[in-house]
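Let's take a walk through the side chains of this protein and see who pairs with whom. Have the model open as you read.

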Amino acid sequence: MRITRITMSTLAMAASLAMTGPAWGQEQAIFEEIVVTAAKRQQTLQEIPIAVTVVTADVLQKAQIVDIKDLQSFVPSLRVSQLQQSGNTSFFIRGFGNGSNNIGTEPSVGVFIDGVYRSRTASALADYPSLERIEVLRGPQSTLFGKNASAGVISVITAKPDLDGFSGSAALTVGDYSQVIVKGEVTGPLSDTVAITLSANSNTRDGYFTNLADGSKINEIDRYGVRGQLLFQPNDHLEFRLIADADRNDESCCGTVNIQDGLSSTLIALVGGQVLTEDPFQRAQYYNYNPSNEIESDGVSLQIDYDFDRATLTSITSSRSLSRVEDADSDFTSADMLAQVLSDNQIDTFTQELRLTSSGDGAVDWMIGGFYFDETVDIDNRLTFGTDFRPFFDIFTGGPPLGPVSALDATEDFFGIPRGAFQQPGTGFVEVMSQDNTSYSIFGQIDLHIGDRTTLTLGANYTDDEKDVGIDITSTALFSSLDFVQIVYAPTFTALTGGLPPTQDNIDANPVADLTAIAIATTECDPAVPPACNSLLPLQPLQFLPPFMSFPNAVEPGHTNDSDTTWTVRLAFDATDSVNIYIGAATGFKASSWNLTRDSRPFAEDMAALGAGGGPQDRFGPPNLVSGTRYAGPEEAIAYEIGLKARFDRGSINIAIFDQEIEGFQSTIFVGTGFVLANAGKQSTTGVELEANFAPNDSLQLMFSGTWLDPKYDSFTGAQGPTGPVDLDGEDVAGVSDFSMNLSAIYSFDFGSSASGFVRAEYVHDSEAQVVENVAKDVLSREVSTVNASIGLAWDNGFEVLLWGRNITDDEYLTSGFPTTVQTDRVSAYPNQPRTYGVTFTKRFE
């Protein structure tokens with residue numbers, strides 16, 4: 001038999017409900033049977049005892065889903081968050097997920113496209129003309145998907161080239177905000193054994209966010225891509241599938257609004273800048289330049305399948321390159337505070353998977369395989385002060401017009417430095433960072449069929465992950481290099497000892513003087529107490545870019561090596577021919593993630609070693625450097641789940657009840673000056689997922705998906721709260737709604753003798769939730785109540801018209817937020833996309 005498999009490289013954990021409707025005409029069956037490859041054998045979705053939602057090409061087209069970010073409207077357990085740049089997109093499943101602004105933090109939700117792992121979400125955001133289906137697997141998937149699938153997996157599958165005949169399509173979408181989407185595809189045979197598919201797409205749209213400084217638009221879309229596939233089947237046993245793709249993105253994204261004002265806005269006005277305060281859904285702000293995003297994603301993959309009759313050998317080889325060049329006005333005002341915040345990232349990834357899968361004809365189905373991953377990350381960043389940075393802090397510290405001399409002026413006078421030397425325009429950081437990551441895994445799974453109705457599944461995976469990291473930062477920020485503690489300590493010790501310098505011998509000989517000098521140097525002055533204090537300490541918050549300790553160094557090797565064995569145990573029972581009950585447990589693993597930003601700090605124990613030299617400059621460790629984290633250690637997840645899947649003549653219902661937790665959850669959060677990366681002790685979620693389809697008649701189909709979650713931090717000491725480090729033990733996890741749902745209906749009808757049509761509407765709701773841990777819920781919360789709708793007609797000659805609208809009630813909510821850069825008394829946030837609508841014309845040909 002010729003190989004006609006519709007598999008991806010590791011899709012052995014597929015399945016639950018296919019969220020699909022009838023075709024545009026009534027002649028199609030009410031519930032289309034969706035077939036996927038689970039444990040490397042074809043099964044229907046209802047047969048497979050795993051929690052997964054499948055969104056078919058039919059639904060994607062009818063709902064006008066053109067970006068993977070829109071997928072969350074169909075899958076209540078999935079949440080997608082768009083942040084500061086086009087490539088900063090985070091995926092969360094059941095409340096678990098991370099990996100966005102910090103390029104060193106790999107996602108906990110793995111994204112696979114045609115079997116190829118995409119390690120960064122920026123390389124997964126593309127328009128695919130030939131989508132076949134998207135599968136969202138919920139819960140830990142590390143047994144078969146390896147590392148970085150501790151929360152779940154999103155699998156995108158495109159159609160193979162067609163050996164049976166030529167066909168294709170061309171589509172044009174015209175929408176508001178001057179949106180124009182063009183897609184085209186052609187597929188067909190070149191011979192009896194070779195077929196190709198060629199596709200291209202372009203998507204442009206004006207921005208809906210206004211820069212009030214010059215009237216220009218932000219949050220635009222400007223992207224295009226091309227893709228080619230070659231299918232070669234020389235005989236009934238062997239198949240080659242070669243895929244090459246290239247995508248380009250050149251956009252201005254993403255606009256932020258002010259939701260909490262502070263003194264900083266007044267100071268911005270005094271230096272000539274402007275801020276639009278506390279009017280988030282005007283979707284506007286003042287910028288002195290617009291953000292820019294240039295993303296280039298290229299790749300090639302080769303899948304080879306050989307059928308030995310009793311087993312199939314599969315090899316998937318891929319090489320990918322991702323380039324991101326991004327710049328943003330990160331002070332979010334029209335003042336020239338930060339002149340440049342430029343990030344230039346290059347990621348090159350090679351993967352190889354090899355597996356052998358049984359044919360599925362016996363009492364035992366099995367699969368064994370291995371996976372290899374090799375990736376290099378190179379980062380070249382620039383951050384420089386603008387012309388208004390020094391005037392802002394002059395006013396902040398009492399200079400004109402508030403007083404005659406600012407504290408910065410006085411400090412320069414104290415050191416005999418010309419006024420204006422501190423915080424000069426053009427000074428800042430030049431950053432060079434790199435990460436080399438190699439990983440391999442060995443995995444296997446068996447299905448033991450116990451009688452005709454019971455199957456026991458056992459699986460295991462061993463993963464080893466190694467990273468070598470280096471960061472070298474050059475600072476020209478003179479003021480931030482001053483160590484105000486050491487500056488006061490040294491002369492104080494000398495005065496207390498009658499003129500002795502603070503050498504190690506003198507410190508050992510005068511312990512009382514040493515302790516007294518330390519107390520004075522580290523005590524901030526208070527008018528109510530005697531002046532045995534350090535009057536320079538209040539200037540420390542103005543040291544925006546404290547010196548960086550580059551590594552590897554004598555103490556920090558910049559190396560992690562993590563390994564773990566994950567497993568799956570599942571028992572499935574067919575109670576009847578249409579009802580399946582299952583119970584199981586699975587574990588997940590994610591390796592250490594490094595903080596590849598300027599806010600990486602040595603661990604406390606390394607700080608002590610770095611400052612162990614004993615000389616005057618080593619008394620308090622490296623000058624003006626505080627401890628923090630270089631990386632967050634591994635995540636280890638476990639989930640227990642019981643589920644039921646039932647299919648009836650006119651409907652289906654799937655229920656999953658689960659308890660899932662992650663030990664060492666990798667938390668990354670922006671605090672206004674940079675990122676904090678740390679491990680939570682434990683994060684857990686208990687929940688229920690319900691998906692149901694019902695067709696009261698041949699024309700109408702009703703669908704409901706709902707998720708109820710109870711997300712908690714069982715332990716999280718030292719998390720970042722609204723006012724600083726806090727303990728979140730027992731607190732709800734921010735960004736996760738207790739209840740999320742999707743309710744949709746589709747009505748199909750005949751239109752004359754040669755056409756058919758449909759009307760579709762859906763309601764999407766997320767209950768109110770605090771958005772991020774370090775902004776209070778009464779300042780920033782999120783509740784979603786969105787309505788989407790579409791109506792379409794299709795004629796027998798292949799012509800189709802689709803009228804669509806998303807968020808047609810213009811629901812308004814904020815997707816994320818953070819304390820504003822440099823101005824931490826203010827809070828900035830990202831507003832959601834407003835109502836959009838358009839019409840799509842499609843011509844299919846055969």
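Is Cys 254 buried or exposed? Cys 254 is buried, since its relative accessible area is 5%; buried here means under 20% relative accessible area, exposed over 50%, and partly exposed in between (1.4 Å probe, protein chains only).

## Ground rules

You're looking at a predicted model, so local features need pLDDT of at least 70 and side-chain atom pairs count only at pLDDT 80 or more, while totals for chains, interfaces and linings use all residues. Residues are numbered from 1 along each chain as its sequence is written, and side-chain values use heavy atoms, with hydrogens and water left out.

## Disulfides

Searching the whole structure turns up 2 disulfides (a disulfide being a pair of cysteine sulfur atoms within 2.5 Å). Counting bonded cysteines along the chain, the pattern is 1-2, 3-4.

Cys 254 has Cys 253 as its disulfide partner, with the sulfur atoms 1.9 Å apart. Cys 253 is buried too, at 8% relative accessibility. The S-S torsion of Cys 253 and Cys 254 is about 80°, so this disulfide is right-handed. The other bond runs between Cys 525 and Cys 533, at 2.0 Å from S to S. Its torsion is about 95°, so the Cys 525 to Cys 533 disulfide is right-handed.

## Helix 8 and its two sides

Helix 8 covers residues 511-521, and its buried residues are Ala 513, Asp 514, Ala 517, Ile 520 and Ala 521. Looking down the helix axis, these buried residues fall within an arc of 130°, so they line one face of helix 8; the arc is that of the directions from the helix axis to the C-beta atoms. For the naming, helices (H or I, at least four residues) and strands (E, at least two) are DSSP runs, numbered from the N terminus.

What do the buried residues of helix 8 pack against? They pack against helix 6 (484-496) and helix 7 (504-509), with contact meaning heavy atoms within 4.5 Å. Over on the other side of helix 8, Val 512 and Leu 515 are exposed.

## Salt bridges

Side chains of opposite charge can pair when their charged atoms come close. The structure holds 36 salt bridges, each one a side-chain nitrogen of Lys or Arg within 4 Å of a carboxyl oxygen of Asp or Glu. One of them pairs Arg 248 with Glu 296 at 4.0 Å, N to O. That pair links distant parts of the chain, 48 residues apart: Arg 248 sits in strand 17 (residues 238-251) and Glu 296 in strand 20 (residues 292-307). Arg 248 is partly exposed at 23%, and Glu 296 is partly exposed at 39%.

Glu 800 and Arg 844 also meet in a salt bridge, at 2.8 Å from N to O. Here Glu 800 belongs to strand 41 (residues 799-806) and Arg 844 to strand 44 (residues 836-845), 44 residues apart. Glu 800 is buried at 10%, while Arg 844 is partly exposed at 35%. Salt bridges with shared partners also join Arg 94, Arg 138, Glu 641, Glu 689 and Glu 691 into one network.

## Aromatic rings

The model holds 28 aromatic pairs. Rings of Phe, Tyr and Trp (its six-membered ring) pair if their centres lie within 6.5 Å; planes under 30 degrees apart count as stacked, over 60 as edge-to-face and the rest as tilted. Phe 332 and Phe 818 have ring centres 5.5 Å apart and planes at 55°, so the pair is tilted. Phe 332 lies in the loop between strand 21 (311-327) and strand 22 (338-358) and Phe 818 in strand 42 (residues 814-819), so the pair ties together parts that are 486 residues apart in sequence. Both Phe 332 and Phe 818 are buried.

There's also one aromatic cluster formed by Phe 385, Phe 389, Phe 392, Phe 393, Phe 396 and Phe 544.

Arg 94, part of the salt-bridge network, has its charged end over the ring of Phe 658, 3.7 Å from the centre. Lys 62 lies over the face of Phe 758, at 5.0 Å from the ring centre. A charge sits over a ring if NZ of Lys or CZ of Arg is within 6 Å of the ring centre and within 35 degrees of the ring normal.
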